[in-house]
Amino acid sequence: MTKNLQLNSEGKLKHFLTIEGLDRQLLIDILDLAESFVGMSDQRIKKVPLLRGKSIVNLFFENSTRTRTTFELAANRLSADVLSMSIATSSTSKGESLLDTIRNLEAMYVDMFVVRHAISGAAHFIAQHSAPHISVINAGDGQHAHPTQAMLDMFTIRQIKKDFSKLRVAIVGDILHSRVARSDILALNALGVAEVRVIAPKTLLPTKVETLGVNVSHNLVDGLQDIDVIIMLRLQKERMSAALLPSESEYFKCFGLTEQRLKYAKPDAMVMHPGPINRGVEIESKVADGSQSVILNQVSNGIAVRMAIMAMAMQKQGGV
Amino acid sequence: MTKNLQLNSEGKLKHFLTIEGLDRQLLIDILDLAESFVGMSDQRIKKVPLLRGKSIVNLFFENSTRTRTTFELAANRLSADVLSMSIATSSTSKGESLLDTIRNLEAMYVDMFVVRHAISGAAHFIAQHSAPHISVINAGDGQHAHPTQAMLDMFTIRQIKKDFSKLRVAIVGDILHSRVARSDILALNALGVAEVRVIAPKTLLPTKVETLGVNVSHNLVDGLQDIDVIIMLRLQKERMSAALLPSESEYFKCFGLTEQRLKYAKPDAMVMHPGPINRGVEIESKVADGSQSVILNQVSNGIAVRMAIMAMAMQKQGGV
Amino acid sequence: MTKNLQLNSEGKLKHFLTIEGLDRQLLIDILDLAESFVGMSDQRIKKVPLLRGKSIVNLFFENSTRTRTTFELAANRLSADVLSMSIATSSTSKGESLLDTIRNLEAMYVDMFVVRHAISGAAHFIAQHSAPHISVINAGDGQHAHPTQAMLDMFTIRQIKKDFSKLRVAIVGDILHSRVARSDILALNALGVAEVRVIAPKTLLPTKVETLGVNVSHNLVDGLQDIDVIIMLRLQKERMSAALLPSESEYFKCFGLTEQRLKYAKPDAMVMHPGPINRGVEIESKVADGSQSVILNQVSNGIAVRMAIMAMAMQKQGGV
C-alpha cells in the first residue's frame, strides 16, 4: 500500500481529502457509522457527545452557505464547538499568507479544519502543512474533489438500492468541470458498481475520460438505457460565456432531464442532484420534485454522513 | 373555530406568525411562561435545557442586528443550537428560489425558522410550505406583523399595570407603516384593554383605521388625556422624502413626546418604544431616559418572551 | 490607592482595560490562572464549565478576525455563549448612538463585552457607562492599549525565562503608534524586569518616551546588546505614505531582524511578535520560523490567558 496522506500509521482515517486511495471497507465503515446517526424517525438526528470539547474551524475561501450550514449543523450534532471564517482568497487578512493563517489557527488548539477553496489541491496543501493534531476535511476544492458529497450520494444510493454490485449509474452534464462527478466516479468504482456511465456533450468531457473507469455517451436518451441511478450535475452558467455551450435552452433541449426522457431509464431509477438545482436548465421541475427524485434525501443524509466523517477523522486523537 | 395555520390539530401553538386569531388564554399562557423564565434577580435569566438538541435557523432577509441578537440570546438560554443566515432578498444563493432554500434547510433536520423579511406575508408563506416538523416564528414581515414585539410589549405592560381591563393605551406615530402598531393593537384588544387610541397625522394612518378597534386622535395633547400606557413608534426617515411628512423638526413639534406633553397623560403613565429610538424626533431624551420610560425593560423582557414563544411552538414535537 | 475603574470595591478585577494601575500580584494571579488551563499535553486545553450560562458579546468596531477568533475560542473553552457583532463605526445600526447600543445589549442580560475599537479610550468609555453587572475587556483600543496581548506576552516570557527580575527586554519598531508596545512596557515594568529598551527610528518614537520607564536606542545592532527578549512590532504600511518612513526595504535595512543581527542579542534571546508578521519587512522569515522564535507559542498562550482574564473579571458576579 502506498503512503496515503489521509491515513495515519495504523491505516485509520485522519484527513478526508479525496476518495482516491481509500479502500472499499473504509467507505463502508463511513456509511455504517452515518447510518447509526439516523434515528428511528427520519426528521430527527440525535445530538451525540462524540466531539464535545473539540474546536472545528470552517475555512471557507469560496462562498457556500449551503455546504457551510450542513457542516455547522453536523458539528453541532456532534457537540463540537464550531467557528466559521469566510476568507476572501485575494486578500487573506492583513496580507498574511495562507500558511501563516493555518499555523496561527492550529496554535489556537483547533482540532479540525473544514476547507472549501476555489483552487484544486488547496485542502491537500493545508493537510500537508498542518500540525500532527489537526484533521482536514475537504469541503470542495476547485474542480478536483468533493468527497463528502460523494459519500452522501453513496449513502443515498445504498439506502434505496441496498446492493452496489448490480447498479448502473449515469452521471449527466458538465463532467469536465465537476468535482462532484470526479469524486462520485471514484466512490462508485471503489464500491464496485456494475457500470458508471457519463453522459455529456464532447465539450464538457475531460480528454481520455474512459481512463477514469467510465463508459461514455453523448446522447441522453441512449445513455439512460438500463440505468438504475441518475446523477444530474449542476450547469454552471459561466460555461455559456466560455463558448463551451450555445445556450441554456439549447442545453436543456439536448441534456435536460424531463419526465419524457426519464422513461428511458429503468422504471425504478432514482434521480439525484448535488444542488442547488437550475430548474428548467439541467432538470425539469416535474422530475426534480417527482416521485423518483431523492434530491432532498441527499441533503438530509449530508448531515449524518458529515458527522460520520468528522467523527472518524477525530478518532486518531482518541476523540471518539 | 376557523382553521388557524398557527395552531396544530389540538389547538396548540405551532407557528407564531401574527396575533390575529390567537385567543386571550394562549396569549396569557405565553406571558405566564415568560414570567417563569425571569429569575429572582432581574439581571439574570437562567439557562434552561428545554430545547437542547434542537436546531434553530435565523433566516434574516432584512437586516436587523438587534432583533437577531435577542433571538440568538433567547435560543442560547433555551440550550438550542442556533445558526444565523443573512440572505439578500435580491439574490438568494446561486439563484436558488426561496422555496428551494427552505426545503433544503428543513431537509437538514432543522426544527425552527425565525424569519425576518421586508415583504408582508413572507413568514406565512414559509410556514405554509414547510414540512410538518418545522415551526416558523415571524420576527417581522413588511408592514404586516411583529408579533413577538407585541408580546413583549404586553409582558412589560402587565409587569407594571397588572390588569389589562382598565387600561387606556395610546399608540403614537406612523401607524400606517408600522407592523408593531398592527400587532400591538391586536394583542391589546385580545387581552381586553378598555381603549386603544392611535395618535397620528392623517397621512400616517391607514384608511378606515377604526375598523381595527381603535379610537383616533390627530392631536398629541388631546390624545394623551386619561392614558395609562404610551407606545411611541419609530419614525422611518424615508417617510420624509415620500412627502408624507414635511420634516423631522416639524414632526417633533407636533408629535414628539416631550416632558411637557407627557403631563397630559395620567401621572403614572408608562412610556414605551420598540427601539431603536430617534432621540429628538419622535421622543425627547429626557422622556426616553426618564422615570416613566420602560424602554429598556422592553428589551430585557424580549429575551424571556421570545424564549416562551419558541418553547411553546416546539411543544408539538414533544420538545418541551 | 486611587480609585481604579477596573477593580471592584474589594479590589478584585471587574474590567480589564489597561495594564496601568494594576499591581504586580494581580498580573501574577492572571498568569497563574492561565497556567492552570494549559493541560499536560500542549495541544489541548480542556473545556471548563467556569462561565456556563454566561453570555459574552464580542463588540468589534474594528475588524480583526484573529483576535476575535481567539476570544471566541477562549469563551467556548469556558463554556460561555458567545455572540460576535461587527459594527461599522461610521454607521451604528440605524443611526443608534453607541450608548444606546450598549444599553440595549446590557438589557438583554449580557454579562461581558469584549471591545475592539479604532479610537483610544473606547473600552474605558463603555466600561464607565455600562450597568454594574457588565464586565468589559479591552481587545485593543486605538493606539492606547492592548492589555490581553501584553499578558500573553508576559505569560510566554515567564514560560521560558521563569524569572522577570534579571531580564532585559527590547521592543523594536513603531513604538509611536503601537498599543502593544504601550501595554508591554507597562506590564514589564510592573513585573519588575531589569530593563525595557525601545529600539526605533526617531520618527516612530513618542516624545519623552523615557518617561514610560524605558531606555532608548536608535540602532538595532547596538540596541540588542545583552538582550534576553526581543519583541518585534508589526510595521503598519500606512506609515510609509505618512512620510514617517522612506520605504519598506529601507526600514528592513535598518530595523529588520535578520539572523545576522539576532546574534548581537544574548545567545538564548527569545524572539516575539504580536502578529500578523510582515515577512521581510520587520522580520526575516528565517528568524520568524527559527528556533529562537516563540511567535506561535504566543498565539497558543493567548487562549489560556484570555480565558484567565475573562474568568477573573466574572468572579465579581459569583460566576467562578
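## Relation between the chains

In this predicted model, chain A is superposed on chain C by a rotation of 120° with 0.1 Å of shift along its axis, and the RMSD is 0.0 Å. The two copies are therefore related as by a three-fold rotation axis. Chain B can likewise be laid on chain A, here by a turn of 120° and a shift of 0.0 Å along the axis, with an RMSD of 0.0 Å.

Among the residues of chain A, the one that comes closest to the rotation axis is A:Asp81, with its C-alpha at 6.2 Å. In chain B that place is taken by B:Asp81, for which the C-alpha distance is 6.2 Å.

## Contacts between chains

Chain A puts 15 residues into its contact with chain C, and chain C puts in 19 residues. On the side of chain A that touches chain C, β2 (81-86) and α3 (98-107) each supply at least two residues. Of the elements of chain A, α3(A) gives the most to this side, with 4 residues. Sorted by class, the side of chain A that touches chain C holds 5 nonpolar, 5 polar and 5 charged residues.

The contact of chain B with chain A involves 15 residues of chain B and 19 residues of chain A. The side of chain B that touches chain A draws at least two residues from each of β2 (81-86) and α3 (98-107) of chain B. The largest share of that side comes from α3(B), which provides 4 residues. Its class make-up is 5 nonpolar, 5 polar and 5 charged residues.

A further arrangement involves chains B and C. Helix α2 (residues 65-77) of chain B lies across β1 and β2 of chain C, and the helix runs at about 170° to β2(C).

## Domains of chain A

Chain A is divided into two parts: domain 1 is made of 24-145 + 300-317, and domain 2 is 147-298. The C-alpha centres of these domains of chain A are 26 Å apart. Their contact takes 21 residues from domain 1 and 22 residues from domain 2.

On the side of domain 1 of chain A that touches domain 2 of chain A, the elements giving two or more residues are α1 (24-37), β4 (135-141) and α12 (295-314). With 6 residues, α12(A) gives the most to this side of domain 1. The residues on the side of domain 1 that touches domain 2 divide into 9 nonpolar, 8 polar and 4 charged.

An open sheet of chain C is formed by 4 strands in the order β2-β1-β3-β4, with parallel pairing. Its edge strands, each pairing on one side only, are β2 (81-86) and β4 (135-141). From one strand to the next the twist averages 15°. Within chain C, strand β1 (residues 55-60) and strand β3 (residues 112-117) pair in the parallel sense over 5 bridges. C:Val57 has C:Phe113 in β3(C) as its bridge partner.

Two packed helices are described by the angle between their axes and the distance between the axes. For helix α2 (residues 65-77) and helix α12 (residues 295-314) of chain C, the angle is about 65° and the axes are 9 Å apart. The crossing of α2(C) and α12(C) is right-handed. From α2(C), the residues C:Thr70, C:Phe71, C:Leu73, C:Ala74, C:Ala75 and C:Arg77 meet C:Gly302, C:Ile303, C:Arg306, C:Met307 and C:Met310 of α12(C). The residues of this contact between α2(C) and α12(C) divide into 7 nonpolar, 2 polar and 2 charged.

## Backbone features

Most residues other than glycine have a negative phi, and most peptide bonds are trans. A cis peptide bond runs from A:Gly275 to A:Pro276, with omega near -15°. A:Pro276 sits in the loop between β9 (270-272) and α11 (285-288) of chain A. In chain B, the peptide bond from B:Gly275 to B:Pro276 is cis, with omega near -15°, and B:Pro276 is found in the loop between β9 (270-272) and α11 (285-288) of chain B.

A:Ser79 is a residue other than glycine with a positive phi, near 70°. A:Ser79 belongs to the loop between α2 (65-77) and β2 of chain A.

Terms used. Residues are numbered from 1 along each chain as its sequence is written. Chains are lettered from A and ligands numbered from 1 in the order in which they are written. This is a predicted model: local features need pLDDT of at least 70, side-chain atom pairs count only at pLDDT 80 or more; totals for chains, interfaces and linings use all residues. Two residues are in contact if their C-beta atoms, placed from the backbone, lie within 7 Å. Ala, Val, Leu, Ile, Met, Phe, Trp, Tyr, Cys and Pro count as nonpolar, Asp, Glu, Lys and Arg as charged, and the others, Gly among them, as polar. Copies are superposed by least squares on the C-alpha atoms of residues with pLDDT of at least 70 in both. Domain bounds come from an automatic or database domain assignment. Axes are lines fitted to C-alpha atoms, for helices over the stretch in contact, and angles run from 0 to 180 degrees between N-to-C directions. A crossing is left-handed if the near helix is turned anticlockwise from the far one by less than a right angle, and right-handed if clockwise. Two strands pair if DSSP finds at least two bridges between them.
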